[in-house]
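Hi everyone, thanks for coming along. I'd like to walk you through a few features of one structure, so please have a look at it first.

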Amino acid sequence: MADSPEALQKSLRLYKLIGGVLFVGTVVTVMVATIPWLDFGDHGFDAIDMIIGLLIATVKATLVAAIFMHLNHEKRLIYWLFGFGFVAAFFLVALIALAKWDPIHYNGFGNGIPGSEKNVRW
Amino acid sequence: MEIPYIVTPRKDTGLFNSKIAIWLFLASEVMLFGGFFSAYIFLRLGADFPWPERTLPVLPGLINTFVLIFSSVTVVFAWAALKMRQWGKFQIFMSITIACSAVFMVLKGIEYNVKFHHQAVRLPDYTVVEGHLGYKLKDGVKLEHGQQPADEQIARNAKGKKLEENIINFEVAEVSFNTLRFERSWVEAMMARAMEKGATIKLAEKITLQTAPGESVSFDAGSALGLDLLASIRKAHLAARENNSAVRTDNLREQWTKAHAANPGKRDWELADQVFIDTAAIADKLMPEQPAVSFKVEPATTFQYRPRDLKEAAESGTLRDGTALKGKLLESPMVFHYVDAIDFRHLVMKAEEKGVDPKVAIENSWLLKENPALKQIWDKQQVALAQLTAELGAKGKVPTAKDNYRIGWQEMAYYSVTKIEDVKITPKKYSMPKAKEELNEEFFGPDYALRELAPHPDGKHFGAFPHLSLPREQVQFASKFAPAWNTYYAVYFTMTGLHGLHVIGGALVLAYYLFFGKKMYLSNPEWLANRVEIGGLFWHFVDLVWIFLFPILYLM
C-alpha cells in the first residue's frame, strides 16, 4: 500500500486516469448498445451484443477492483477471502441451474419438467 | 481499553483487522447480488412472455453511472488526503462523494416516480396498451382540445386524492357484510353515498343471537345499517364462536376418553378413525353464529369502487374485506387520456403457438378493429416496416420483434403528425421512424402538454397520442409500471431498490466520518484514514454492482 507522499501522488494520477477510462468504457457500452452501425451479429439485441456488453462491464469492474480497491497489491489472504465469494456464488448459480435443467435424466439440457417426454434417457 | 490492530497490522495476517472484515463482508455481498443477478438470468431465459428489452430510458441510468464513477474517484482522493494529513481536502472530496450519492438517489427517485405514474393494461387477446389515464373532472367542467385541466377542475375524493378514470360502477341491490372482516371506513362511505342518493340500507331479515346461555339479542328486519349494529352482531358472533368451539372440544375429549376406555391397550392412531364429535348430543348447547349479515339497498344505488378493491362479475361482486354485492355491473370503462404505446408481441407469441399468422391475428384484434385512430397508426407502421425490411434485407438482416409488433411513443408521435404517403424511415438508422425527443422527455417520458398541440395531417385533429376508452371486459390485467406488471419490472425494482439502499447506507457511513471525524483526526489520524479506506472499499463495491446493473437492466 502506498504510504509515502510521492507514492500517493503517483497513485492519485493513476486514479484519475482509471476514472477517465471508466467514463470512456461507459460511453462505449452505450454506443455499442444504441448505435445501429455498431450492432454486431443480428439486428437488435442478440447473444453477441450481450457478450460484448458483459465483457466491457467485466473489464470496468476489474479496473475498479484492482486499482481503486487496491487489490493489485493486496495480501493473498484477501484474494482468498473475496474470491471465495465468487466460488460460492458460482455454486449458488449452478444449483439454481440444476433446478431447471436436468442433464442426468435428459439428453443435452432437457427442461427438467416431468411429463415433457423429449430427450428422455432414464 | 484500546481496540487492537486498528492501525498496526497483525503479525499473522499482515493486515489491520477491519480490512479483513470488510473483504469478508464484500464476499457475502457478492453472494447477495450474485443471487439476484442469477435469478434475473434464469427468469429471462425461461420467460414465457416477450421480455421488455431496452424499454427504460437510457439517459438517467447513464448519468447515474457517471455520477457513481466520479464519486468512486473522489472517495479515493478523500482517503489519500487523509493519508497525507490534509484535513481540508478530505472534507472537500468527501462532501463531493456524498453529494454525488444524493444526485444518484434523486435521479433514481425521478425514474421510479415516472414509472409509477405510467399505466399499462393487457387485453384478453394479449394486446398490451400503455399510456396515461385521465383524471375525473368536476361535474360540468369542459376543456378545449389541448387544454390541460387546472388543479381546481379535477375532482377529489373524500381524502382529497385525485381519481383516475378507472372506476367500477356497480348498482347494488343487496349487500352482505362479513361480520368479522368488514372495513369500517368502507361501510361509512357506503352509508354516506346512500344518504346522498336518497337510498336506504336496511337489514334484510330478523336476526336473533344468543349473547350468553339464556340471554339473547335480536335485530329486526328493516333496521338501518350502522357501525354499532354491525359491532353488536360481531360481538355476539364472536361469543357464539368461542362457546361453540369449547362445546365441541369438550365433547371430543369425552369421546376420546370413552374410546380409550372401551379399547384398552390400543394406541391413538388405531382409534382415530372411529372417534367423532357426537353432533346430536351437542346440538342444543351450540349458539347460533352469524358470519355474514345481509342488507337490502332500496332503491338499488350505484356505488363506485377502485378495480383493486372489487372483484366483479356481471351480477355480483366481492370486495377485498369480504363484502358480497348483488346487483348489476354498469359500464365501467378504463379511459386512457393518452395512449403512448401499443404492443402486440405477446399476442403474436400466442398466435404462433396456435399456428395462426401473426399479421392476421393482429388485424383481427379488438384494439385495431374497434379503434380507427389506432388502425391508421398501425397501417402507417406497416409502410415504415416495409421500408426497414428492405433496408435491412440489403445487409442480410431482419427487423426485430419490437420493430414488427411494438409501436412506442416516439413512433406514435411521428405517425400522428405524418400522412401515410409521407411515412419514411431515416436512411442508415436501421430503426422505425421516431419523433425527436426533447431533453426533459428523456427523463420524464413524453411531454403530453407539448405533444397534445401537435397538428394532424388531416387538418382537423390535434394531439400526438390517441384517446382510448377500454370497456371493462377488455381489461384482463392492469397495472402501473410497477413490480406487479411483469417479472422484468419486479426484478428491476428489487435490484435497483436494494442497490439504492446500499448507496444510502454507504453514504451515511461516509457522512459520519465527514461530520464526526475531526476529533478522531486530531487524536489518531491513521485510524481515521483506515476507517475511511474501509468505507471507500464498500463504496467501490456499490459502484461495481451498478457497473453490471446498468447494462443488464437498461441496455440488454
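**A helix pair, a hairpin and a contact**

Let's start in chain B, where helix H2 (residues 58–83) packs against helix H3 (residues 87–116) at an angle of about 160°, with the axes 8 Å apart. Axes here are lines fitted to C-alpha atoms, for helices over the stretch in contact, and angles run from 0 to 180 degrees between N-to-C directions. H2(B) is therefore roughly antiparallel to H3(B), a label for angles over 145 degrees. By class, their contact has 19 nonpolar, five polar and three charged residues.

A quick word on the model: it is predicted, so local features need pLDDT of at least 70 and side-chain atom pairs count only at pLDDT 80 or more, while totals for chains, interfaces and linings use all residues. Residues are numbered from 1 along each chain as its sequence is written, and chains are lettered from A and ligands numbered from 1 in the order in which they are written.

Helices (H or I, at least four residues) and strands (E, at least two) are DSSP runs, numbered from the N terminus. Strands E5 (residues 207–212) and E6 (residues 215–219) of chain B run antiparallel, joined by five bridges; pairing takes at least two bridges found by DSSP. Leu209(B) has Val217(B) as its bridge partner in E6(B). In this hairpin, with two residues between the strands, Gly214(B) has a positive phi near 95°.

Finally, which chains meet? Chain B gives 48 residues to the contact and chain A gives 42, where contact means C-beta atoms, placed from the backbone, within 7 Å. H1(B) supplies the largest share of chain B's side, 12 residues.

Note on methods: Parallel < 35°, antiparallel > 145°, perpendicular 65-115°, else oblique. Nonpolar A, V, L, I, M, F, W, Y, C, P; charged D, E, K, R; others polar. Contact = placed C-beta atoms within 7 Å.
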